[in-house]
Amino acid sequence: MDQKAIDGQALRQAMRRIPSPVTVVTAAGEGEVRGITIGSFTSVSLDPPLISFNVDQAAQMHPLIMQAERFAVHVLTEAQAHLSNHFAVKDRTGAEQFAAVPYRLDAHGTPILEDVLAVFHCTRYAVYPAGDHSLILGAVYRIEEGGAAGPILYFDRSYRRIGGEAEVRSFSTVKRGSSTTP
């Protein structure tokens, strides 16, 4: 079987066709707070409750998230695309990231963004090297749910809202002929 490796750009192009939730991960450490926009957030396990996301090893957030014992994952609403763009800018200091953003510090010093759809408070469960990224697993110890606004998704290089419910059709019953006679 001939298996040829594809390049990262081909993977990126294909992944643009898969909608992903828009989240911002925040953490604190050694007198610094920082956040990063993440599009790879997903649940992993219910028992124990685990989530995961990926961080580029070249990102300014990477050293901080590697040392932080706690972090928060914020699910953004459809009105918060500006926060996604804001935390995606690569060269801002942590102080610059939070200067104009409404947030509070939780009991552990982790920045918590205001008015988001949900916040998953986590402790670091495991970290795995994954090519040019690190795969972070978090053990969820608390969830805050926000208002009734819908989530924002990233799809095909733009932000999207969730539309109406999709129609679900059932398969018709298949009648199979029998090769045996009763």
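Residues are numbered from 1 along each chain as its sequence is written, and side-chain values use heavy atoms, with hydrogens and water left out.

The predictor's confidence in each residue is expressed as pLDDT, on a scale from 0 to 100. The chain averages 89 on this scale, and 92% of the residues score at least 70. Among the elements of the chain, strand β8 (residues 111-113) has the highest mean pLDDT, 98, whereas helix α1 (residues 8-15) has the lowest, 73. Where pLDDT is low, the predicted coordinates should not be read in detail. The elements themselves are DSSP runs numbered from the N terminus: helices are H or I runs of at least four residues, and strands are E runs of at least two.

The description of the fold may begin with the sheet. Seven strands form an open sheet in the order β3-β2-β6-β9-β10-β5-β4, with antiparallel pairing; two strands count as paired if DSSP finds at least two bridges between them. At the edges stand β3 (32-38) and β4 (42-46), each of which pairs on one side only. On average, neighbouring strands of this sheet are turned by 35 degrees against each other, direction ignored. The partner of β4 is strand β5 (residues 49-56), joined to β4 in the antiparallel sense by four bridges. Within this pairing, Ser 45 has Leu 50 of β5 as its bridge partner. The loop between β4 and β5 contains Pro 48, and a cis peptide bond, with omega of about 5 degrees, joins Asp 47 to Pro 48.

Helix α3 (residues 81-88) packs on the sheet and touches β2 (23-29) and β3; the direction of α3 makes about 115 degrees with that of β3. Such axes are lines fitted to C-alpha atoms, for helices over the stretch in contact, and the angles run from 0 to 180 degrees between N-to-C directions. Contact means heavy atoms within 4.5 Å. The buried residues of α3 include Ala 81, Leu 83, Ser 84, His 86 and Phe 87, where buried means under 20% relative accessible area, exposed over 50% and partly exposed in between (1.4 Å probe, protein chains only). The buried residues of this helix pack against β2, β3, α4 (94-98), β8, β11 and β12.

Arg 157 counts as exposed because its relative accessibility is 56%. Strand β11 also pairs with β1 (residues 20-21), in the antiparallel sense over two bridges; here Ser 20 has Tyr 154 as its bridge partner.

A pair of aromatic rings is described by the distance of the centres and the angle of the planes. Rings of Phe, Tyr and Trp (its six-membered ring) pair if their centres lie within 6.5 Å; planes under 30 degrees apart count as stacked, over 60 as edge-to-face and the rest as tilted. By this rule the count comes to five aromatic pairs. One of them joins Phe 53 and Phe 71 edge-to-face, at 5.4 Å centre to centre and 85 degrees between the planes. This pair links distant parts of the chain, with Phe 53 in strand β5 and Phe 71 in strand β6 (residues 70-75), 18 residues apart. Both Phe 53 and Phe 71 are buried. Tyr 154 and Tyr 159 form another edge-to-face pair, at 5.3 Å and 70 degrees. Tyr 154 is partly exposed because its relative accessibility is 34%, and Tyr 159 is likewise partly exposed, at 27%. Ring pairs also link Phe 87, Phe 98 and Tyr 103 into a cluster.

Finally, Asp 115 lies in the loop between β8 and β9 (118-130). Its phi is near 60 degrees, a positive value in a residue other than glycine. Asp 115 is exposed, with a relative accessible area of 66%.

How values were computed:
Predicted model: local features only at pLDDT ≥ 70, side-chain atom pairs only at ≥ 80, totals over all residues.
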